[in-house]
Amino acid sequence: MGGYAGGLATLRASWAAIPPGERIRLAKRTSNLFRARERSGVPGLDVSGLRGVFAVDMEARTAEVGGMCTYEDLVDATLPHGLAPLVVPQLKTITLGGAVTGLGIESTSFRDGLPHESVLEMDILTGTGEVITCRPQGEHADLFHGFANSYGSLGYATRLLIELAPVARAVALRHVRFDDLESLASTLERIVETQAHEGEEVHYLDGVVFSATESYLVLGRQTDEPGPTSDYTGMDIYYRSIQHDGSTTQHDLLTIKDYLWRWDTDWFWCSRAFGAQNPRIRRWWPKRLLRSSFYWKLVALDHRHAIGDRIEARHGRPPRERVVQDVEIPARRTVEFLRWFLDHVPIEPIWLCPLRLRNTSSPHPWPLYPLRAGETYVNVGFWSSVAISPGQAPDAVNRQIEQVVADLGGHKSLYSDSFYDRATFDRLYGGAALRDLKDRYDPDRRLLDLHDKAVRRQ
């Protein structure tokens, strides 16, 4: 038995092997989460048969995929047909199920929302062991809408049917420099509203802040025009190509595939922590290992053995607090957040990615991540560490960030460390709605609670 049916059979067999009363977990060896989790001696769910692309319908512009299918595999299957998912998260090994239950974002999010908003239907393995097909309307619409940002607390997606969109051969880029944050923010909001800049369509939009006086918006336009394309999978580094003196707008051209994975080669800019941006090292670094999934393995190794802290101690320096977060800030308050961050947190560069929800049928269409329909947000991403000052708590900076984000009416993604108390967490992440869904789809609480997973690291 193969295909989706075979994958489900393997999954159900692994469920049956878990002792009654034990918590249900995935038996995945890899993850794009950046929060530690308790180890468990209980066997996990075998999802190895749910990695495939089951079908691509060119006429309907849809793809049917397993919940563990990576975006890298999906893009490889759709691009030959001139199609791609509406939102392709930046890292190749992010899975479709992961992007839906854990939220994903990219430079099309200002017009196409988040990955879960282009899902037409999905099968979800719930806490009862039942696989339920749910859609935006119908008997299980509550589970469909509550699944986004549930991080496995309501079940696991085993199959998804998603929308696809036509794409051109290449993406023409304009790197527009700003010398002040106010101009950057006002231009970003205007582009989101008009989907154009200086008379030219904008299909992709993100940005990078290097300092309060040097920031960029990167505007992408789909094109079939001929011409040489740049390659940032070797010696050249993509984020460095964005920078210029501002005397004129800088242009670039990437194939659609290289554009979609432009951030993966150097994990945005995080590869510099491993020396991979040093030309002398990069020349000998195997090209197949210039990718986010390999850097993540290095990070996991550091977490297990505290390598970084040992090195700091050997040089007489204090340990460091990991500050790896993505936050959504209302666009009108983005400058406030950036100014506070640049004044208080010594991390650069910072990634910016605007988004608006596609689903505007209700004020808060996704109850576990209640962004407001019709409002523009800016995802601000920062991924590094800061020295822990004498007498300072080891999580002090992350807690400050959480408080500032909440004060500005924003939200924080839950893929990394979180420190909210239970009452605050429930208020921010739809605690009442989650309890109702747990009562219906996981009455015996075989699946971990969202707060237990995100904050208590269970």
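This is a short tour of the structure, stop by stop, for you to follow in your viewer.

Keep in mind that you are looking at a predicted model, where local features need pLDDT of at least 70, side-chain atom pairs count only at pLDDT 80 or more, and totals for chains, interfaces and linings use all residues. Residues are numbered from 1 along each chain as its sequence is written, and side-chain values use heavy atoms, with hydrogens and water left out.

**Stop 1: helix α1**

Select residues 3–16, which make up helix α1. Helices (H or I, at least four residues) and strands (E, at least two) are DSSP runs, numbered from the N terminus. This helix has 14 residues and spans 20 Å from its first C-alpha to its last, close to the 20 Å expected at 1.5 Å a residue; the expected span is 1.5 Å times one less than the number of residues. Now colour Y4, G6, G7, L8, L11, S14 and W15, the buried residues of α1. Buried means under 20% relative accessible area, exposed over 50%, and partly exposed in between (1.4 Å probe, protein chains only). What lies over these buried residues? The cover includes β1 (53–57), β4, β5 and β6 (156–166).

**Stop 2: Q90**

Next, pick Q90, in the loop between β3 (83–85) and α3 (96–102). With 9% relative accessibility, Q90 counts as buried. A polar atom of its side chain sits 2.7 Å from the backbone oxygen of I105. Show contacts too (heavy atoms within 4.5 Å): not counting residues up to four places away in sequence, those of Q90 include L260, W261, W263 and W351.

**Stop 3: W263 and the cores**

Move on to W263. Leaving aside neighbours within four places in sequence, its contacts include Q90, Y238, Y239, F268 and W269. W263 is also among the residues with the most contacts inside the largest nonpolar core, which has 86 residues. A nonpolar core is a set of buried Ala, Val, Leu, Ile, Met, Phe, Trp, Tyr and Cys residues joined through side-chain atoms within 4.5 Å. A second, separate core of 36 residues includes L181, V202, L217 and I401.

**Stop 4: aromatic rings**

Stay with W263 a moment: it belongs to one aromatic cluster along with others, including F210, Y216 and W383. The structure holds 27 aromatic pairs. Rings of Phe, Tyr and Trp (its six-membered ring) pair if their centres lie within 6.5 Å; planes under 30 degrees apart count as stacked, over 60 as edge-to-face and the rest as tilted. W267 and Y295 are both buried.

**Stop 5: salt bridges**

How many salt bridges are there? The count comes to 31, where a salt bridge is a side-chain nitrogen of Lys or Arg within 4 Å of a carboxyl oxygen of Asp or Glu. Select R291 and E72, whose closest N and O atoms are 3.0 Å apart. R291 is in the loop between α9 (279–282) and α10 (292–305), while E72 is in helix α2 (residues 71–78), 219 residues apart. Both R291 and E72 are buried.

Last, find R440 and D142, a salt bridge with its closest N and O atoms 2.9 Å apart. R440 lies in helix α15 (residues 431–441) and D142 in helix α5, so this pair ties together parts that are 298 residues apart in sequence. R440 is partly exposed at 39% relative accessibility, and D142 is partly exposed at 32%.

Terms used:
Polar contact = N/O pair within 3.5 Å; in protein donor to acceptor, adjacent residues only side chain to side chain.
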